[in-house]
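Here's a quick tour of a protein model.

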Amino acid sequence: IDGISLWPMIKDEFILMCSKYFKEAAIRYCLSESLFKNQNIKSLLILYANAAEEKVIIHVANKFKIPGIVLQHGIPPNTEYYKKFLSLWYPIEQHHLIHAVWDNTEKNHLRSLGIPDENFVLTGSHRLDHLFKVKDQCKNDGSILVASSSLAKQDESLDSSTLTAIEYGNMLKNICKISNKIKDKKLIVKLHPAQSPSFDAKMLIQEVDPSIPIFQHENIFSFLKNCDVLVCMEYSTILLEAMILNKPTITILVYSDWYGDDEMIKSGATLAVRTPEEFQLALDKILTDKEFRNQLINKGNQFVNDFLTTKKQSSKLIKQLLEKHSK
């Protein structure tokens, strides 16, 4: 940068880090070979294909000609910006696997990469099956649920710059300040389970008010089912879950390039805001205007109906798919 090399500052730590991870990868490879040699494994069921362990296991399983089924991990943004990164989510060595997808959006993404039609099946999401069964049992207990996502888990291809971290942190603090002041409402914050320690969301929230309840590894459903409104820091599958449960949602867009032209945002199924002032207006309207609140919930329900090809039967379909490819 400006003719100054940063290499001397990071050289020793970088080489040490690479040595550590290369050794771990070699050990994983040897253990995976041993696993497939000594166990009669008929098929893989893959919950997340992009982590280091899964990549090694998939690679070795392919060497042993063992088939696999990849379950769609979450709802992807259907935007032109996102499409630039599809080859990272679906590397070519995984194209031969069977992909159990939720909707036509994901199907079209796979098709654009050259994955043949016979290698993907519309199953819907096993994760969402139970939500349809309990949606009528949910209530509103006066809580405002803030779910932290994106930067909080340091996605590899998202903008993880210092300036973005500052912007995200300031937005999170302002949301908590505004929500915490609303009379007769209780603010609850649920952090992403994989939050990076380099972004200390807890410290930021405690600066606002040390008494704000903060959770990270608990099941978010226990908070979501009874909240008055979900506030999501960036686009996340939790928005879809909230809509199934008839909860109004607000989405904070710090990374607007990623999500701004997505159908969920464009259709108004969730209220997208970019500033604290917009958030204040959106939250007040949802909590005080019953007609507006119901309209937002109805838009969310319509999005769910249009988006998911299969509801309530996904687990059964995935079981049948696994049986078929394990013979």
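What follows is a short briefing, grouped by topic.

This is a predicted model, where local features need pLDDT of at least 70, side-chain atom pairs count only at pLDDT 80 or more, and totals for chains, interfaces and linings use all residues. Residues are numbered from 1 along each chain as its sequence is written, and side-chain values use heavy atoms, with hydrogens and water left out.

**Strands**

- Helices (H or I, at least four residues) and strands (E, at least two) are DSSP runs, numbered from the N terminus.
- Strand S1 (residues 44-46) runs parallel to S2, and three bridges join them; strands pair if DSSP finds at least two bridges between them.
- Leu 44 sits opposite Gly 68 in S2.
- S2 also pairs with strand S3 (residues 98-101), again parallel and over three bridges, with Val 70 partnered by His 99 in S3.
- Buried means under 20% relative accessible area, exposed over 50%, and partly exposed in between (1.4 Å probe, protein chains only).

**Aromatic pairs**

- The structure holds six aromatic pairs. Rings of Phe, Tyr and Trp (its six-membered ring) pair if their centres lie within 6.5 Å; planes under 30 degrees apart count as stacked, over 60 as edge-to-face and the rest as tilted.
- Trp 7 and Phe 14 are edge-to-face, at 6.0 Å centre to centre with 70° between the planes.
- Trp 7 is partly exposed at 39% relative accessible area, and Phe 14 is partly exposed too, at 37%.
- Phe 303 and Phe 307 have ring centres 5.5 Å apart and planes at 15°, so this pair is stacked.
- Phe 303 and Phe 307 are four residues apart in helix H14 (residues 290-307), which separates them by about one helical turn.
- Phe 303 is buried at 8%, and Phe 307 is buried at 9%.
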